[in-house]
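Let's take a walk through this model together. Have the sequence and the 3D view open side by side as you read.

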Amino acid sequence: MSSLLQGVNLYLIGMMGVGKTTVGRLLAKQLAYGFVDTDDVIAQAAGKSINQIFDEEGEAAFRQLESDVLSQVCAFTKLTIATGGGIVLRRENWSYLHHGLIVWLDAPVEVIYSRLADDTTRPLLQDSDPQEKLRSLLEQRQALYSQADLKITLRQGETPEEIVTQILEAIPSVLKTQVSHN
């Protein structure tokens, strides 16, 4: 698989809670790739948590940091990159994402909500009706997510390892095969 990818980065996109970080780590290991979580890089660079950035500087400042980090990360190869759920909102980010293979991890709102119900670290879910908030975020982003090269639909109870296997099996179908003229 690594030779088929020829060092092309894999970008995992999708809603918060779909497992981009967990799946990304496993996928990187399978491919002998490095792993980067853009949210971790942003928090490290800013010296504060994503929640603090949202609270102190607002979502717009966070989105700018996110674009800056993505622009730097896409200069490297052989990486599996877990992105923030809203990375698809800025048009400029797509020019960076298109440097690699974009994999959309899609899950029903109910599955996402059951995973995030006790998670207080998600600034966009600090809402009186977090399930409705998730539904509206997904509605806003669905058309953007659907521009991914590959869509993997997650099912309740599926393990991260099973999801990685699905991704690895689907990648050849979206890669342009090299034609040799011998």
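Keep in mind that the model is predicted.

With its 15 residues, α5 spans 21 Å from the first C-alpha to the last, close to the 21 Å expected at 1.5 Å a residue. Now look at which of its residues are buried: Phe62, Arg63, Glu66, Ser67, Val69, Leu70 and Val73. Viewed down the axis of α5, these buried residues fall within an arc of 165°, so they line one face of the helix. Turn to the face of α5 directed away from that buried side, and you will find the exposed residues Ala60 and Gln72.

On the α3 side, the contact is made by Thr38, Asp39, Val41, Ile42 and Ala46, while α5 contributes Phe62, Leu65, Glu66 and Val69. Sorted by class, this contact has 6 nonpolar, 1 polar and 2 charged residues. Phe62, Glu66 and Val69 also belong to the buried residues of α5.

Finally, move along to Tyr113, which sits in helix α7, residues 109–116. Is Tyr113 buried, partly exposed or exposed? Its relative accessibility is 28%, so Tyr113 counts as partly exposed. Beyond its neighbours within four places in sequence, Tyr113 is in contact with Pro130, Gln131 and Leu134. For one of these, Gln131, the C-alpha atom is separated from that of Tyr113 by 6.1 Å, although the two residues are 18 residues apart along the chain.

Conventions: Residues numbered from 1 in each chain as written. Predicted model: local features only at pLDDT ≥ 70, side-chain atom pairs only at ≥ 80, totals over all residues. Heavy atoms only, no water. Contact = heavy atoms within 4.5 Å. Helix = DSSP H or I, 4+ residues; strand = E, 2+ residues; numbered from the N terminus. Nonpolar A, V, L, I, M, F, W, Y, C, P; charged D, E, K, R; others polar. Expected span 1.5 Å × (residues − 1). Buried < 20%, exposed > 50% of the residue type's maximum accessible area, 1.4 Å probe, protein only. Arc of directions from axis to C-beta.
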